[in-house]
Amino acid sequence: MNPSPYDRTAARGGRPLPSDRRGADRRTSTTGIFGASVLIIAVLYFAKPVFIPIAVAILFSFVLRPIVGIIQRPLGRMAAVVITIALTVGLLVFGAWAFATQMTQLAREIALYSGELEAKVQRIQARTGGSLVLIERTLQRLAQSGETVEQPDMAVRVIPEQRSLGDRYRAIAPTFEILASSFLVIVLVFFLLKDREKLRDKILRLAGRANLTVTTQAMGEMTHRITRYIFTQALLNLGFGILVGLGLWALGLPHAFLWGVIAFMARFIPYVGAVVSAAFPILLAFAIFPDWVRPVAVALLFLVLDQLIGGFIEPLVVGHRVGVSPVAILVAAIFWGWLWGPVGLLLAVPITVCLTVGGEFIPALRPFSILFGKEAPLEGYLAFYGRLLSRDKAGVAAIADRFAEERSMEDAFAELFIPALSFASEERERDRITIAQDHFIKDSIRDMTGRLGDRNSTATAESPRVVVTSVGKERISLGTFMLAQVLRAEGWAMDFFTDLPEEELLRFIGETQPDAVFVSCSSDEHLAEGFALLSSVAARFGDKMVLGGGSAFSRRPVETRAAGANYIPESLHEAREEFLRSTRRLKRGTLLAG
């Protein structure tokens with residue numbers, strides 16, 4: 001039974017053990033991180049009017065920076081910034097005006113479209129015999145809302161509404177806030193583009209001389225990734241919106257420009273934006289077209305364009321260089337959308353990229369790099385060990401097979417299997433895993449070793465042979481078993497024995513005349529028996545290579561060699577090379593003696 005923290009403290013004269021202090025430090029650190037995270041989220045939520053304009057301005061500065069860089073060469077920095085901002089504001093104002101005009105016109109036609117949709121639903125109900133009463137009633141209410149109801153002439157006296165100054169301010173406050181925030185964003189973007197080198201130098205000075213190199217690298221990488229991603233994504237989304245608008249115009253769908261603009265904006269929402277932008281055009285096509293061809297064509301238009309751009313062009317152009325995993329992007333979109341609404345959806349990817357890149361250079365942000373980044377969060381053998389520990393046989397086999405295909409079977413043994421076994425042994429000594437878990441890990445690795453050996457074996461009936469045996473009732477050590485599989489891939493045939501009496505084993509060796517004999521011993525309890533078997537094999541078959549494998553032999557190399565072993569493996573690659581070299585040397589000696 002493990003002693004309590006109090007008993008262990010008392011045993012050290014009242015001083016806590018280092019492990020206790022580390023545990024307390026970890027708990028304090030975790031509590032501090034959680035409290036700081038809650039505080040930061042609360043500040044970001046309640047201070048939205050302050051942070052959102054700043055974040056949007058920074059985003060626009062990243063987007064417009066390449067354009068300013070192109071224009072400033074012939075015109076200078078100030079003129080380039082002014083022209084770029086003026087063109088951007090003009091395009092946004094024109095787009096907002098056109099968007100509002102299309103939305104107003106669409107609102108006037110809703111009643112007509114709802115009537116057509118109601119008629120089509122009724123035809124579908126008549127054909128299928130299904131119950132669509134709820135949908136029908138909803139559409140009827142929509143249709144009735146657009147009808148003009150005649151009222152009898154009545155003399156009405158209009159009394160002007162008395163509105164206080166506060167009521168008037170509350171009525172215009174939202175518009176005033178939007179205009180003020182927009183003006184603030186424009187001014188901030190101007191200064192971010194005009195004085196970006198000065199701002200960069202101030203941040204570097206704030207970081208201090210000790211962190212100058214790290215901060216410079218982090219800022220450069222962050223700026224490069226975000227600028228490339230946003231600019232490229234904006235161009236791809238613009239192409240998507242243009243193609244959607246042209247396709248819908250060719251199909252005859254009303255307000256094609258409106259749907260193209262919505263498709264362009266919605267596709268900034270990761271993964272679901274294209275689906276959201278397609279919903280209303282498909283419903284509208286279903287309502288106004290008498291046949292099914294064009295509604296299906298509208299759906300196919302969105303599907304094909306999204307798959308073409310998202311599945312082929314976007315990975316080819318953007319690639320994996322942003323360094324953020326798809327799951328992280330989706331989770332970030334959900335979080336920032338909840339925190340800041342539609343603006344949060346727009347800023348989700350840039351903010352996530354900043355945190356990921358920052359974690360690659362700044363230790364305090366390292367958790368974000370691990371959670372959001374695309375690189376493997378664990379070293380190869382640790383991920384492999386984790387799958388073994390969770391008894392994920394399918395995941396274990398997938399990692400092993402992929403590693404063996406990309407590298408080689410020998411590399412899979414040396415860089416996955418053996419490190420995982422060593423780590424499991426260390427964890428077992430610390431009582432962090434149970435005996436059952438240790439056995440499961442070893443049995444799983446043994447099964448995969450044999451399976452990979454069977455798959456890569458090139459041995460035939462005429463191949464040279466090796467006899468592999470273990471002492472006592474032990475199983476053949478995993479290191480010896482892996483070496484045997486590597487030699488099978490080199491064209492050697494193997495005979496395995498785990499519980500064969502010594503005399504029968506020696507008789508089999510004399511009948512088959514193998515080129516080598518591998519003797520495995522992993523337990524110190526069977527060392528005497530192992531030494532005796534090595535001596536018998538060496539005395540009777542002195543012309544053959546005798547290898548002493550297993551942890552018990554490797555811990556006593558002098559006694560093992562004295563008993564008759566020609567070689568004791570230290571590493572898989574060296575054992576393979578030594579075996580091939582020794583067998584060639586023995587064969588040359590046999591030929592010379594003959």
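This is a predicted model: local features need pLDDT of at least 70, side-chain atom pairs count only at pLDDT 80 or more; totals for chains, interfaces and linings use all residues.
Biologist: Okay, aromatics. How many aromatic pairs does the structure hold?

Modeller: The structure holds 18 aromatic pairs. One of them joins Phe190 and Phe191. Their ring centres are 5.2 Å apart, with 80° between the planes. That pair is edge-to-face.

Biologist: And Phe191, what does its accessibility make it?

Modeller: Phe191 counts as partly exposed, because its relative accessibility is 40%.

Biologist: Give me another pair. Why is the pair of Trp492 and Phe579 called edge-to-face?

Modeller: Look at the angle. The planes of Trp492 and Phe579 sit at 70°, so the pair is edge-to-face. The cut-off for that label is over 60 degrees. The two ring centres are 4.8 Å apart.

Biologist: Where do Trp492 and Phe579 lie in the chain?

Modeller: Trp492 is in the loop between helix H19 (478-489) and strand S2 (493-497). Phe579 is in helix H24, residues 572-593. The pair therefore ties together parts that are 87 residues apart in sequence.

Biologist: Are Trp492 and Phe579 buried or exposed?

Modeller: Both Trp492 and Phe579 are buried.

Biologist: Which residues form an aromatic cluster?

Modeller: Tyr45, Phe46, Phe335, Trp336, Trp338 and Trp340 form one.

Biologist: Now charges and rings. What sits over the ring of Phe240?

Modeller: The charged end of Arg267 does, 5.4 Å from the ring centre. Another case is Arg446, which lies over the face of Phe481. There the distance to the ring centre is 5.8 Å.

Biologist: Switching to the surface. Which residues make the nonpolar patch?

Modeller: Leu39, Val43, Val50, Phe51, Ile54 and Ile58 make it. The patch covers about 480 Å².

Biologist: Which helices supply the patch?

Modeller: Helix H2 (18-46) and helix H3 (48-75) each give at least two residues. H3 has the largest share, with four residues.

Biologist: New topic. What does the side chain of Asp495 touch?

Modeller: A polar contact of 2.9 Å joins it to the side chain of Arg465. Asp495 belongs to strand S2.

Biologist: Why does Asp495 count as buried?

Modeller: Its relative accessible area is 15%, and buried means under 20%.

Biologist: And Ser277, where does that lie?

Modeller: Ser277 lies in helix H10, residues 273-288. Ser277 is buried too, at 3% relative accessibility. Ser277 and Met265 are twelve residues apart in sequence. In space, their C-alpha atoms are 8.7 Å apart.

Biologist: On to salt bridges. How many are in the whole structure?

Modeller: A search of the whole structure finds 19. One of them pairs the side chains of Arg451 and Asp401, at 3.3 Å from N to O.

Biologist: Which parts does the pair of Arg451 and Asp401 tie together?

Modeller: Arg451 is in helix H18 (residues 435-456), and Asp401 is in helix H16 (residues 393-406). The bridge therefore links parts that are 50 residues apart in sequence.

Biologist: How do Arg451 and Asp401 count on accessibility?

Modeller: Arg451 is partly exposed at 30%. Asp401 is buried at 16%.

Biologist: Next bridge. Which residue meets Arg576?

Modeller: Glu410 does, at 3.7 Å from N to O. This pair links distant parts of the chain. Arg576 is in helix H24 and Glu410 is in helix H17 (residues 409-429), 166 residues apart. Arg576 is buried, and so is Glu410.

Biologist: One more, then. What about Arg432 and Glu427?

Modeller: Their side chains meet in a salt bridge of 3.4 Å, N to O. Arg432 is exposed, with a relative accessible area of 57%. Glu427 is buried, at 9%.

Biologist: Last one. Which residues do shared partners join into one network?

Modeller: Glu410, Glu490, Arg576 and Glu577. Salt bridges that share partners connect them.

Notes: Residues are numbered from 1 along each chain as its sequence is written. Side-chain values use heavy atoms; hydrogens and water are left out. Rings of Phe, Tyr and Trp (its six-membered ring) pair if their centres lie within 6.5 Å; planes under 30 degrees apart count as stacked, over 60 as edge-to-face and the rest as tilted. Buried means under 20% relative accessible area, exposed over 50%, partly exposed in between (1.4 Å probe, protein chains only). A charge sits over a ring if NZ of Lys or CZ of Arg is within 6 Å of the ring centre and within 35 degrees of the ring normal. Patches are made of residues with over 30% relative accessible area and no salt bridge: like charges are joined within 9 Å, nonpolar side chains (Val, Leu, Ile, Met, Phe, Trp, Tyr) within 5 Å. Accessible areas come from the Shrake-Rupley method with a 1.4 Å probe; for residues, only the protein chains shown count as cover. A salt bridge is a side-chain nitrogen of Lys or Arg within 4 Å of a carboxyl oxygen of Asp or Glu. A polar contact is a pair of N or O atoms within 3.5 Å; within protein, one must be able to donate a hydrogen and the other to accept it, and residues adjacent in sequence count only if both atoms are side-chain atoms.
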